[in-house]
Amino acid sequence: MTWKLSAFTDEAGDSCEAQIEAAQSNGLKRLDLRAMDGFNCTAMPIEHAKGVAEKLKDANLEVGMFGSPLGKIDIADSMSTDLGKLEHLAELAPILGCQNVRIFSYYNKENRPHDFWQMESISRLSLLQKRAKELGLVLYHENERHIYGDLCADVLEIANLRDGKSFKLIFDFDNYNQSGEDVWDNWTKLHDKTDAIHLKDSTKTNEHVPAGQGNGRVREILIDALAKDWSGPVIVEPHLSHSGAVAATGPSGAANQAFSQMAPHESFKVALDAAHELLKNVGAQVD
């Protein structure tokens, strides 16, 4: 089984040219488009996206997924914000050749009862899913700190929306570790519901480290995924140094001081070297 590897190249540089260089020099055939040239993917002008598409084509690179911030608003905020962003991504999809959209599942800043948070989040995700179907997009929910889909039990509720077509799930090792959960136990409950993997890792003290060097049970889980014939996108999200791109995500955890003085493209290379080595050592076939 061949896994399709990509990475959040905005952690290496802001410009399209810098991200292309980072992808090519680190052996990638695709990148995940989160922010580029000063634009979040959900706000990139159409004409600018056409220029980006030409540059990526010339570099023989594809967009694996839009790293959107959909679902990173509060349950009290208007859904028109997210729906508008989804509509814009649908316009970008044919230009950049990508239908996959990373999403989240909403904050609860006023600390309303958990049952209400669940009901409202699932309702919003269902609305996004319905519109994504109509637009020909595929949503990938990422477990993330402080949103509804933070802990495994709630991700399992979200998994009821998973249809393998318009709604899928991402497994992020680091975020489960930082939530204080047993990452291996979560994998045993979610492996058959996991459609993509984020290679991101952190220590017991929540300091970001290259994948496989932390508390996220990454190596063991990848070996188990191979044994179970799992397939899907494998996406490197370094977070080793708090570049502008990382800071914009509002990351949990601590910046790794060992990489704090590195330029973003340097810490990005550390993460990609570790990912390539890890995937090779576990016997994964990577494209």
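**View 1. Helix 2 and helix 3 cross in a right-handed way.** A crossing is right-handed if the near helix is turned clockwise from the far one by less than a right angle, and left-handed if anticlockwise. This is a predicted model, in which local features need pLDDT of at least 70, side-chain atom pairs count only at pLDDT 80 or more, and totals for chains, interfaces and linings use all residues. Residues are numbered from 1 along each chain as its sequence is written, and side-chain values use heavy atoms, leaving out hydrogens and water. Helix 2 (residues 46–58) packs against helix 3 (residues 80–96) at about 30 degrees, the axes lying 9 Å apart. Helix 2 is therefore roughly parallel to helix 3 (angles under 35 degrees count as roughly parallel, over 145 as roughly antiparallel, 65 to 115 as roughly perpendicular and the rest as oblique). Look for Ile 46, Ala 49, Lys 50, Val 52, Ala 53 and Leu 56 of helix 2 meeting His 88, Glu 91, Leu 92, Ile 95 and Leu 96 of helix 3; contact means heavy atoms within 4.5 Å.

**View 2. Helix 8 meets helix 10.** The axes of helix 8 (residues 218–227) and helix 10 (residues 264–282) come within 10 Å and cross at roughly 45 degrees, so helix 8 is oblique to helix 10. This crossing of helix 8 and helix 10 is right-handed. Among the residues in contact are Leu 222 and Ile 223 of helix 8, and Leu 278 and Leu 279 of helix 10.

Methods. Axes fitted to C-alpha atoms, helices over the stretch in contact; angles between N-to-C directions. Helix = DSSP H or I, 4+ residues; strand = E, 2+ residues; numbered from the N terminus.
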